[in-house]
Amino acid sequence: MKKARIIYNPSAGREAVRKALPDLLERLERAGYETSSHATTGEGDAQRAAEYAVKRKFDVVVAAGGDGTVYEVINGLAEHQYRPALGIIPGGTTNDFARALQLPKDMEEAASVIAGGYKKPLDIGKVNQKYFINIAGGGTITELTYEVPSKWKTMLGQLAYYAKGLEKLVFLKPTRMKVESKEMTFDEEIMLFLVANSHSVGGLKKIAPDADLSDGYFDVLAVKKTSIPDFIKIATQALRGEHLKDPSVIYFQTAELQVTSEESVQLNLDGELGGTLPARFRVLHKHLQIFTPPDK
Ligand SMILES: Nc1ncnc2c1ncn2[C@@H]1O[C@H](COP(=O)(O)OP(=O)(O)OP(=O)(O)O)[C@@H](O)[C@H]1O
């Protein structure tokens with residue numbers, strides 16, 4: 001019998017996953033899996049739980065929670081030779097990656113996607129000794145995701161991110177960064193820097209419109225130094241995916257890049273604080289088998 005383990009964050013999404021867990025387990029059992037679960041206890045625990053699942057040769061690991069839980073689980077799986085297939089249950093506040101995969105918002109329906117058995121080999125990103133699957137970023141505006149207090153998330157849900165974003169905009173300042181790759185090299189003052197594996201982050205579903213999770217490339221987007229009103233204009237255009245023609249926007253594809261700065265720049269990996277520059281980014285092509293809705 002195939003073994004599936006659900007690693008879930010009991011505090012995510014106002015305890016939504018904790019409440020749904022019995023139904024999620026039952027859905028997988030009906031699909032023929034022997035199931036077990038692990039409730040995470042705090043930072044780093046989902047990664048340790050994923051490493052345990054690798055060691056015990058589970059067939060499937062399910063990350064149930066928000067993007068932070070998915071990020072930790074990926075980091076527990078990525079560097080091993082044997083890697084269980086990954087299922088995702090969107091139970092967090094924003095669920096960017098689940099959205100990029102076009103998973104159903106309803107957790108039981110997302111469990112049915114895993115039960116359905118259709119999966120694809122997808123790319124992930126490696127940066128220094130860490131891994132990400134959705135989007136990595138740098139620049140003061142990207143600090144907002146890990147600076148949102150969890151109390152705000154409980155009270156406001158996704159609005160908490162917009163509130164923090166507005167606060168960050170007021171203090172937005174450019175950072176000088178040097179980006180080097182085979183395809184493009186620049187040394188500029190940057191308002192926002194993104195290395196996208198998928199096309200969607202936050203409410204911006206077309207921020208990296210050409211990003212494809214299995215093409216072997218990152219889509220790199222940088223916004224050069226602008227005034228705050230111009231930055232807001234570009235952000236508004238990004239809602240419709242119309243920001244790429246702005247002269248302040250640099251956009252290109254590459255499988256590998258090196259980023260350095262003389263300033264202290266924190267890296268945002270899938271919404272979590274993931275170390276600082278300098279950083280070397282590399283695509284690990286089709287590195288993880290991930291359950292998705294079948295192609296239409
Ligand atoms: N039992 C727990 N109690 C409190 N915090 C936890 C617990 N388990 C994990 N965490 C923390 O929660 C973070 C991840 O939260 P997660 O992304 O799953 O949910 P979220 O914050 O509601 O959603 P989103 O990331 O989409 O905003 C982890 O980085 C970890 O530090």
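The legends below describe several close-up views of a predicted model.

Residues are numbered from 1 along each chain, in the order in which its sequence is written. Because the model is predicted, local features need pLDDT of at least 70 and side-chain atom pairs count only at pLDDT 80 or more, whereas totals for chains, interfaces and linings use all residues.

View 1. The protein chain is divided into domain 1 (3-117) and domain 2 (132-283), with bounds that come from an automatic or database domain assignment. The C-alpha centres of the two domains lie 26 Å apart, and their contact takes 12 residues from domain 1 and 18 residues from domain 2; two residues are in contact if their C-beta atoms, placed from the backbone, lie within 7 Å. On the side of domain 1 that touches domain 2, helix H3 (67-77) and helix H4 (96-100) each supply at least two residues, and H3 gives the most, with 5 residues. Helices (H or I, at least four residues) and strands (E, at least two) are DSSP runs, numbered from the N terminus. The residues on this side of domain 1 divide into 5 nonpolar, 3 polar and 4 charged, where Ala, Val, Leu, Ile, Met, Phe, Trp, Tyr, Cys and Pro count as nonpolar, Asp, Glu, Lys and Arg as charged, and the others, Gly among them, as polar.

**View 2. Helix H1 against helix H5.** The axes of helix H1 (residues 12-30) and helix H5 (residues 107-116) come within 9 Å and cross at roughly 30°, and H1 is therefore roughly parallel to H5. Axes are lines fitted to C-alpha atoms, for helices over the stretch in contact, and angles run from 0 to 180 degrees between N-to-C directions; angles under 35 degrees count as roughly parallel, over 145 as roughly antiparallel, 65 to 115 as roughly perpendicular and the rest as oblique. H1 passes H5 in a right-handed crossing (a crossing is right-handed if the near helix is turned clockwise from the far one by less than a right angle, and left-handed if anticlockwise). From H1 the contact is made by Val17, Ala20, Asp23, Leu24, Arg27, Leu28 and Arg30, and from H5 by Met107, Glu108, Ala111, Ser112, Ile114 and Ala115. By class, the residues of this contact comprise 8 nonpolar, 1 polar and 4 charged.

**View 3. Helix H2 against helix H3.** The axes of helix H2 (residues 45-55) and H3 come within 7 Å and cross at roughly 40°, which means that H2 is oblique to H3. The crossing of H2 past H3 is right-handed. H2 contributes Ala46, Gln47, Arg48, Ala49, Ala50, Glu51 and Val54 to the contact, while H3 contributes Thr69, Glu72, Val73, Asn75, Gly76 and Leu77. The contact of H2 with H3 has 6 nonpolar, 4 polar and 3 charged residues. Tyr52 also has its place in helix H2; the C-alpha atoms of Tyr52 and Val70, 18 residues apart along the chain, are separated by 16 Å. Tyr52 counts as partly exposed because it has 15 C-beta neighbours inside 10 Å; a residue is buried if 20 or more other C-beta atoms lie within 10 Å of its own, exposed if 12 or fewer, and partly exposed in between, with C-beta atoms placed from the backbone.

**View 4. The loop that holds Asp59.** Asp59 is placed in the loop between H2 and strand S3 (60-65), and with 14 other C-beta atoms within 10 Å it is partly exposed. Leaving aside its neighbours within four places in sequence, Asp59 is in contact with Lys2, Lys3, Ala4, Pro84 and Ala85. The C-alpha atoms of Asp59 and Asn134, which are 75 residues apart along the chain, are separated by 23 Å.

View 5. Arg14, which is found in helix H1, has a positive phi of about 55° although it is not a glycine. The peptide bond from Leu277 to Pro278 is cis, with omega near 10°, and Pro278 lies in the loop between strand S14 (272-276) and strand S15 (279-291). Lys286, found in strand S15, is not a glycine but has a positive phi of about 50°. Arg14 counts as partly exposed with 14 C-beta neighbours inside 10 Å, and Lys286 counts as partly exposed with 15.
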